[in-house]
Amino acid sequence: MQRLLLLGLNHATAPLEVREKVAFSADGRDRAVEALRARFPEAEVTLLSTCNRVELYAARQTHGHPRPEEMIEFLAQFHGVDAGVFARHLYQKHDRDVVAHLFTVASSLDSMVLGETQILGQVREAYDAARERGGTAALLNPLFQRALAVGKEVLSTTAIGEGRVSVASVAVDYARRIFDSFSDKVVLSIGAGKMASLVLQSFAQLSPRRLLVCNRSADKAAELAGRFRGEAVPFDDLSDHLTAADIVVSSTGASQPIITARQVTALRKAMRYRPIFLIDIALPRDVEPAVGDLENVYLYNIDDLQQVVAGTMDQRKDAVDAARGIVARHVDGFAAWQRAREMGPMIDRLSKRYHQLAAEELVRTLNKMQGISDTEKSHLEELTRRIVNKLLHDPISMLRKSEGLHGATTQYLHALERLFHLEDQQQRGQQTDGPPDPEDDRGPGE
Amino acid sequence: MPTIHQLVLVSLAILLFAVGLGLSVARLRIDREGLRIASKACVWSGLTAALAVLVWHTAARPTGSWLPLEDNFEAFIWLAVLLAGFVLYVQRTRPLGGLDWFVLPIVIVMLVAAMVLGKAKPKEYVGTTWYWIHLVSVFGGALAFAIAGAAGAMYLLANRRLRSKALPHGPKLGSLERLERITFASVTLGFALLTVGLITGWVVLKLDGQTGLGAHWYKSPKVVLAVAAWVVYAVVLHAPINPSFRGRKVALLSIFGFVLMVGTLVAVNLVPGGGGGGGGNGGSH
């Protein structure tokens with residue numbers, strides 16, 4: 001039988017400087033899933049990496065691999081960092097807790113910005129990437145499909161996303177606290193991704209004097225600049241653009257900071273020491289933290305902005321309660337499905353095995369008994385059947401009453417397998433059918 | 001000399017300004033529209049009471065000119081009225097949250113000073129044209145520096161909030177850019193007026209020689225502090241030439257300059273031999 005395991009860290013357990021060390025780019029995530037599959041072929045794995053969290057989901061045989069320490073070792077090796085840097089920030093969850101956590105994450109209840117819709121798309125991307133690489137099968141397929149359905153239900157049926165303040169709007173609010181007017185200001189975007197687009201959209205509404213987009217890919221820069229009547233500028237001239245800029249939005253996928261304190265210090269004189277607002281929404285960060293210590297330089301990273309957004313959640317408490325109710329209901333549903341999925345066949349195998357043993361013993365006994373009538377034979381058959389049923393009644397009843405995906409239940413099932421030699425009969429299902437009422441979540445993206 | 005009834009009315013104005021200030025500061029915890037309106041009503045009422053005292057005192061003056069800065073009582077109330085009027089004007093035209101937190105305490109201090117120091121008798125030379133120009137320019141400068149100091153303090157608070165990366169409750173303090181602009185504009189105006197005040201003060205000294213400063217007038221605390229304030233503001237105005245000297249440094253200096261100006265007033269009125277002979281007019285002669 002399979003058990004669920006989750007190892008991860010998020011914005012609540014790890015600061016930005018730790019998260020950025022173990023974050024995966026899309027390409028890195030795909031390579032990591034392939035590496036995990038190669039190393040642990042018996043296990044199912046999915047890797048979710050966003051700016052707020054890195055979570056490794058695994059479904060494995062009881063006492064199978066990967067074990068938590070192997071997952072930590074894998075993360076450390078993959079990123080080339082010492083495990084001590086991040087290990088104390090990790091959380092581990094098992095079985096039902098994994099289900100509850102993933103449903104909570106997909107519903108954005110675990111996000112720094114509650115009600116944000118981007119997480120649902122990120123969970124879907126993580127699942128798709130793992131599925132395409134054979135990382136998901138009998139347990140993670142239904143788990144992630146159900147998680148997507150739950151997330152969609154929460155976001156569409158509760159008011160959790162209403163009145164939500166976006167990171168972009170918070171960035172503009174901060175800009176208004178620094179600058180009085182924007183008609184004489186220059187906004188520079190370094191990077192041309194989705195987040196840059198969202199933030200630039202807000203700044204474009206302020207009608208700045210110039211809006212520059214600087215990206216390694218000139219085509220992407222031109223495309224984004226065109227959308228906001230801006231100018232695409234060469235990445236090689238970044239220092240010149242920084243000198244001209246009053247507001248800088250940085251969101252590249254660079255693994256090292258592209259704006260350093262030394263660089264900005266050297267530029268300050270040319271900038272006439274005027275205030276500059278740097279919004280670093282990249283992970284790993286694009287701007288060295290020390291830049292924020294410079295006089296008249298205001299540096300905000302994704303955590304700074306999200307924390308402000310999160311502070312607006314009080315007014316949505318009712319919606320959060322409703323969302324938690326939905327999540328709890330679906331966790332129960334999934335657990336029941338999992339229980340039926342795991343226990344049904346096992347109870348069936350147990351019952352068949354012992355009735356078969358009893359039948360074999362009965363045949364042997366009957367062969368030794370001469371002149372036995374059909375009625376007496378029938379009575380003996382009934383007797384053995386009743387004895388087997390009585391013997392199995394208590395353990396089966398207890399299993400049926402216990403809740404699926406709880407540690408105790410999985411221990412029972414595992415013990416049952418070992419004590420009654422049921423493992424050899426078990427077939428590792430590769431079915432991808434989900435729990436009852438699965439919703440194939442291919443709904444609108446974020 | 002204010003009458004007892006006038007002093008009671010000034011006390012009422014102080015109380016109204018204090019309540020208005022308290023209600024405005026309370027918005028840091030509970031940012032309700034009701035508090036804003038109540039605070040504004042108190043400030044308007046306080047301003048009305050202070051103006052009423054001013055009119056009453058001027059109208060009741062038995063002799064003398066119509067010049068409004070004839071004694072400490074009028075001078076300090078004028079400063080308070082103009083400062084409170086500035087707050088209300090800004091809040092009406094282009095609101096600047098938190099301006100009253102920094103300006104109203106100065107208003108209250110001015111009104112208290114009017115009550116405490118307003119009993120001094122005016123000097124004979126008060127009526128001269130040079131002296132009147134001196135008074136108006138120095139008081140005008142003090143007013144501008146009070147606004148610069150308040151804007152500087154607001155800048156520091158706004159800057160601190162931005163550095164702490166939190167969006168606290170209550171009204172926004174205004175952008176750093178606007179606060180810096182207000183500081184510069186006020187310092188520029190105040191510097192010009194203070195320069196005129198210093199020159200006319202020197203003229204009064206040379207022409208009339210009745211200022212009570214004596215032969216060593218240049219050593220008197222009033223003159224030293226006034227010149228020091230002038231130097232500080234000259235440094236502040238130097239910022240556009242040397243851009244590294246802006247932001248927090250300008251804000252701190254504008255506050256320091258205002259403290260020196262307050263020191264000048266204290267020297268004039270409270271320090272024996274400080275320049276006002278312990279009972280001079282308006283703290284500026």
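This is a predicted model: local features need pLDDT of at least 70, side-chain atom pairs count only at pLDDT 80 or more; totals for chains, interfaces and linings use all residues.
Residues are numbered from 1 along each chain as its sequence is written, chains are lettered from A and ligands numbered from 1 in the order in which they are written, and side-chain values use heavy atoms, leaving out hydrogens and water.

**View 1. Two cis peptide bonds.** Most peptide bonds are trans. The bond joining A:His65 and A:Pro66 is cis, with omega about 5 degrees. Another cis bond runs from A:Leu283 to A:Pro284, and its omega is near 0 degrees. A:Pro284 belongs to the loop between strand S9 (276–280) and strand S10 (297–301). Helices (H or I, at least four residues) and strands (E, at least two) are DSSP runs, numbered from the N terminus.

**View 2. Two residues with positive phi.** Most residues other than glycine have a negative phi. A:Arg229, though not a glycine, has a positive phi of about 55 degrees; look for A:Arg229 in the loop between helix H10 (218–227) and strand S7 (231–234). A:Asn296 is not a glycine either, and its phi is positive at about 65 degrees. The loop between S9 and S10 holds A:Asn296. Which of them is buried, and which is exposed? A:Arg229 is exposed, with a relative accessible area of 83%, whereas A:Asn296 is buried, at 3%. Here buried means under 20% relative accessible area, exposed over 50%, and partly exposed in between (1.4 Å probe, protein chains only).

**View 3. An open sheet of four strands.** The strands follow the order S2-S3-S1-S4 in chain A, with antiparallel pairing; two strands pair if DSSP finds at least two bridges between them. S2 (44–49) and S4 (91–94) stand at the edges with a single partner strand each, so one side of each has no neighbour in the sheet. On average, neighbouring strands are turned by 15 degrees against each other, direction ignored. Angles run from 0 to 180 degrees between N-to-C directions, using axes fitted as lines to C-alpha atoms, for helices over the stretch in contact. S1 (residues 2–10) and S4 pair over four bridges, and A:Leu7 has A:Gln92 in S4 as its bridge partner.

**View 4. Helices on the sheet.** H3 packs on the sheet, touching S1, S3 and S4, and its direction makes about 40 degrees with that of S1. Contact means heavy atoms within 4.5 Å. Helix H6 (residues 118–132) lies across S2 and S3, running at about 145 degrees to S2.
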